Amino acid sequence: MSGRVRRVVTGAVASALAIVGLVAFATPAFAHDNLISASANCASPLGSGYTIAWTIQNDFNGPETGSVTSVTGGLSTLSSTTFGVAASPGQPYSSTTLTQTLPATASGPITLAISSRWSDGFSTADATSYDITPLNCGAPQQTIAGHIYLCANSAPTTTEQSGGTLAASGPTTVSATPNPLAPVPVNAGGYTMTATPPAGYTLVACTGSSTPDSSGSTATESVTVPSGGAGVGIFYVVATPVVTNPTATPPTNSGGSSQPTTGIPAATAPPAATPPAATPPAAVPAAPLAFTGAFLTWEWLIGLVTLLLGAGLVVISRWRRSPAARGVSP
């Protein structure tokens with residue numbers, strides 16, 4: 001190889017080595033960038049919102065300071081809007097974390113934008129987004145329901161007896177509803193369920209947890225509705241027996257007649273009915289007088305007596321005027 005060719009090759013190799021060295025030493029000097037990542041969780045209690053942790057990493061071997069220029073939901077949702085990150089001589093990179101709290105109404109991708117400046121005067125801006133939709137942090141749904149079942153031979157059944165009502169009081173009020181009470185969305189917590197029986201039935205415990213009153217006309221039961229779950233109240237009824245009064249033998253009174261026993265106390269028994277007044281017997285007509293065909297009435301009786309009296313007076317008067325009556329001989 002001639003000297004000229006040797007000089008050309010040597011120069012080319014030296015240039016290549018110089019370029020490689022320049023790139024190797026210059027790359028760290030011009031990195032100046034931030035790596036932004038995020039992780040999120042549902043706030044507690046479930047349904048109250050979201051919590052996002054934004055992590056900012058410095059990939060340069062020099063400290064930096066920065067600020068958040070914008071974020072979905074507003075800067076007020078962040079724990080801080082400024083930050084500082086130490087130099088990163090190597091990996092893992094130095095980092096800092098900002099916490100964001102969002103309400104339950106938040107949805108979709110959340111975007112964070114920052115502006116940073118390093119100690120050597122270099123500055124840059126970065127942004128990234130995080131989608132919270134897959135978390136499904138909405139408020140949990142829970143329900144309350146109720147049933148009135150038949151109690152057969154003192155044993156509980158699952159035979160629904162239609163009629164009656166079911167109601168509940170607690171964190172959410174459930175108005176009286178005809179049995180059965182279908183699942184109703186309510187807030188979680190403790191409830192008191194109240195039942196009234198269907199017509200012709202009486203509420204009974206029937207080894208259940210409900211508490212009927214002494215007449216069986218109403219009953220209550222404590223029902224717990226867990227968060228995201230369901231609470232159910234169970235009541236039991238039996239057919240109300242029909243009460244009949246036994247037939248009583250009517251007592252006989254002193255007159256020989258009988259009166260039925262009604263079972264009504266003497267103080268409240270209705271007064272006996274007053275019997276209708278007896279109808280006087282019809283007058284029997286007098287027998288007719290002989291030879292006249294006329295009936296003997298009081299007018300005829302008076303006339304007859306007067307006639308007989310007059311005749312008697314006439315006979316006495318003539319007798320006294322006769323000679324024999326005066327003692328004179330003819």
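Q: Leaving aside its neighbours within four places in sequence, which residues is asparagine 58 in contact with?
A: Asparagine 58 is in contact with Asp33, Asn34, Pro63, Glu64, Val85, Ala86, Ala87, Ser88, Tyr93, Ser94 and Trp118, its neighbours within four places in sequence being left aside. Contact means heavy atoms within 4.5 Å.

Q: What kind of model is this, and how are residues numbered?
A: This is a predicted model, in which local features need pLDDT of at least 70 and side-chain atom pairs count only at pLDDT 80 or more, while totals for chains, interfaces and linings use all residues. Residues are numbered from 1 along each chain as its sequence is written, and side-chain values use heavy atoms, with hydrogens and water left out.

Q: Back to asparagine 58: buried or exposed?
A: Asparagine 58 counts as buried because its relative accessibility is 0%. The cut-offs are under 20% relative accessible area for buried, over 50% for exposed, and partly exposed in between (1.4 Å probe, protein chains only).

Q: Where is asparagine 58 placed, and what does its side chain reach?
A: Asparagine 58 is in strand S2 (residues 50-58); strands are DSSP runs of E with at least two residues, numbered from the N terminus. Its side chain reaches the backbone oxygen of glycine 62 at 2.7 Å.

Q: Change of topic: what is the strand order in the open sheet of four strands?
A: The order is S4-S3-S6-S7, with antiparallel pairing. Two strands pair if DSSP finds at least two bridges between them. Strand S4 (82-85) and strand S7 (123-131) are the edge strands, each pairing on one side only.

Q: How many bridges join S3 and S4?
A: Strand S3 (residues 64-71) pairs with S4 in the antiparallel sense over four bridges. Threonine 65 has glycine 84, in S4, as its bridge partner.

Q: How many aromatic pairs does a search of the whole structure find?
A: The search finds two aromatic pairs. Rings of Phe, Tyr and Trp (its six-membered ring) pair if their centres lie within 6.5 Å; planes under 30 degrees apart count as stacked, over 60 as edge-to-face and the rest as tilted. Tryptophan 118 and phenylalanine 122 form a tilted pair, 6.0 Å centre to centre with 50° between the planes.

Q: Are those two buried or partly exposed?
A: Tryptophan 118 is buried, at 3% relative accessibility, whereas phenylalanine 122 is partly exposed, at 36% relative accessible area.

Q: Which residues form the tilted pair at 6.3 Å?
A: Tyrosine 149 and tyrosine 236 form that pair, with 50° between the planes. Tyrosine 149 lies in strand S8 (residues 142-152) and tyrosine 236 in strand S17 (residues 230-239), 87 residues apart. Both tyrosines are buried.

How values were computed
Polar contact = N/O pair within 3.5 Å; in protein donor to acceptor, adjacent residues only side chain to side chain.
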